[in-house]
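Visitor: I would like to learn how to read salt bridges in a model such as this one. Could you take me through them step by step?

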Amino acid sequence: MPGIYLDHAATTPVRPEVREAMLPYLKEQYGNPSGLYQLAVEAEEAMEAARKTIAATLGCETEEIYFTSGGTESDNWAIKSAVEAAKKREDFGTGGHRCCHIITTQIEHHAVLHTCRALEEEGCEVTYLRVNEMGQISVRELEKAIRPDTVLISVMTANNEVGTIQPVREIGKIARRHHILFHTDAVQAYGHLPLPVKRLGIDMMSASGHKCNGPKGIGFLYVRKGVDLPPFIHGGGQERGKRAGTENMPGIVGLGMAARLAHTKMAYREKKTAAMRDYLIRRLLNEVPFARLNGSLRYRLAGNCNISFQFIEGAALLVLLDEEGICAAAGSACSTGSKEPSHVLKAMGLPDNIAHGTLRLTIGYQNTMEEMDRAVECIKKCVARLRQNSPEFEDYMSGRKMPLSFGIRL
Ligand code: PLP
C-alpha cells in the first residue's frame with residue numbers, strides 16, 4: 001500500500017462495492033451470456049442491467065452503449081469506423097469530398113493521436129487544433145477548420161495531464177450545424193462530470209472503468225442511435241454484431257456498479273476533491289519558489305493539480321517522492337519513461353526546460369487534507385534537495401541567469 005496515492009488520472013482504486021459485485025462472476029456465476037440455459041440467462045441479465053445503469057448516467061438509450069476493453073479501444077473504434085463509414089458513402093470522392101478529413105486537437109491522448117496518425121498513413125487528412133495557454137481550443141478555429149470532406153470532429157472532454165475541460169456543448173452545436181459526427185474522449189471526465197450526451201450534442205463518447213473506481217480492461221463506447229458505425233472486431237454476434245468476443249462479465253458488472261456509485265452524490269464528492277486540489281495548489285504556489293500552475297483555474301477537473309518547478313527534473317522528483325511513499329506522475333502515465341517533454345505542455349506553449357520540471361498530482365475523493373499537508377511538506381523538501389544539485393539553480397542564485405517569467409500564481 002502506498003503512503004499517499006496522488007495518481008488518480010493514471011488509475012483509481014477499485015471501490016469495495018465494485019469488487020463485491022464482481023466476485024460472483026469470478027466464482028459461481030461463470031455463465032457465458034450467449035447461452036440459452038439459466039446460468040447464461042442470469043449472466044445476460046446482469047450485463048443488460050449494467051448497460052441500463054450506464055445509459056441512465058448519460059440520459060441515453062440502453063442500445064446506445066457498447067462494451068469495449070477500455071478507452072483506447074473505444075477511441076480506435078469511433079475514429080477508424082467513422083472514416084470507414086464515410087468511405088463507403090456513395091458521394092465519397094465526389095465534389096468537394098477530396099478525401100477523409102478529421103479535426104482533432106494537439107493535446108489528445110495518444111489513443112486518439114496515434115489512431116489519427118495511422119489514418120494519415122492511409123490517406124486521411126487531419127487538422128490538429130492548437131490550444132491556448134490554458135489548454136482550451138478555440139471554437140471559432142474549429143469551425144474555420146471544417147471542410148466539405150470533414151467526416152469527424154474528435155475533441156476530448158477533459159485532458160488527462162492538465163485537467164482542462166473543453167467547451168463540449170459548443171463543439172456539439174457546431175458539429176450538428178455542419179452535419180459532422182462528433183466524438184469525445186471522456187475517459188477522464190466520465191464519473192466526475194455530468195455528461196448528458198443528448199443535450200451536449202455528442203454522437204460518440206469513449207469511457208473507461210478504471211478512471212472511475214471500476215476495474216481495468218473494461219470501458220464503453222456510446223454511439224447515438226442513427227449513427228451507422230461499422231463493427232470494429234469481427235467474430236461472433238456479441239454487442240449486436242458490432243464488437244465480437246465473449247463479454248468480460250466481471251468487468252461489465254464492476255463497471256456498472258462503479259458507474260452507479262460515481263453518479264450518486266457526484267457533486268458532493270467532486271466539491272470535496274476540488275477543495276483539496278485548491279488547497280494543494282495554493283500551498284505549493286505560495287511555498288515553493290519558481291512554481292507555476294499549468295492549465296485553467298476555472299475549466300479544470302476537480303482532482304487535477306499540474307505544477308512545474310523550475311530548475312528540476314520531474315522524473316527525479318518522482319523518485320524522491322516515491323521514497324517518501326507518494327505516488328505521482330510527471331506527465332501522462334503512457335509517456336512515463338520518455339525523455340520528450342509532454343506534448344500537451346508543449347502545445348500550451350511551455351518551454352521545454354519548464355515542462356521537464358512538471359509534477360502531476362491527481363486527487364481522489366478518498367484522499368484527505370492531512371495527506372495534502374504531508375504531500376506539500378515532502379514536495380518542498382524534495383524540490384529543495386534537487387535544486388541543491390542543479391547547476392542552473394546555482395547560476396541563478398549567483399546572479400548569472402534570470403529565471404523565466406512564470407504564469408498563474410494565486
Ligand atoms: N483517453 C484518455 C484521456 C486517457 O486518460 C486514457 C488513459 O489514461 C485513455 C484514453 C486510455 O484508456 P484505457 O486505459 O482504458 O485504454
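Guide: Let us begin with Lys 242, which is buried, its relative accessible area being 17%, and keep in mind throughout that this is a predicted model.

Visitor: With which residue does Lys 242 form a salt bridge?

Guide: As a general idea, side chains of opposite charge can pair when their charged atoms come close. Here the partner of Lys 242 is Asp 228, with 3.7 Å between the closest N and O atoms. Both residues lie in the loop between S8 and H8, 14 residues apart. Asp 228, for its part, is exposed, with a relative accessible area of 63%.

Visitor: How many salt bridges does the count come to?

Guide: The count comes to 25 salt bridges. One of them joins the side chains of Glu 61 and Lys 225, at 2.5 Å from N to O. Glu 61 sits in the loop between helix H2 (38–58) and strand S2 (65–68), and Lys 225 in the loop between strand S8 (219–223) and helix H8 (249–262), so this pair ties together parts that are 164 residues apart in sequence.

Visitor: Which residues are linked in a network of salt bridges?

Guide: Such a network links Arg 283, Glu 287, Asp 373, Glu 377 and Lys 380.

Key: Residues are numbered from 1 along each chain as its sequence is written. This is a predicted model: local features need pLDDT of at least 70, side-chain atom pairs count only at pLDDT 80 or more; totals for chains, interfaces and linings use all residues. Side-chain values use heavy atoms; hydrogens and water are left out. A salt bridge is a side-chain nitrogen of Lys or Arg within 4 Å of a carboxyl oxygen of Asp or Glu. Helices (H or I, at least four residues) and strands (E, at least two) are DSSP runs, numbered from the N terminus. Buried means under 20% relative accessible area, exposed over 50%, partly exposed in between (1.4 Å probe, protein chains only).
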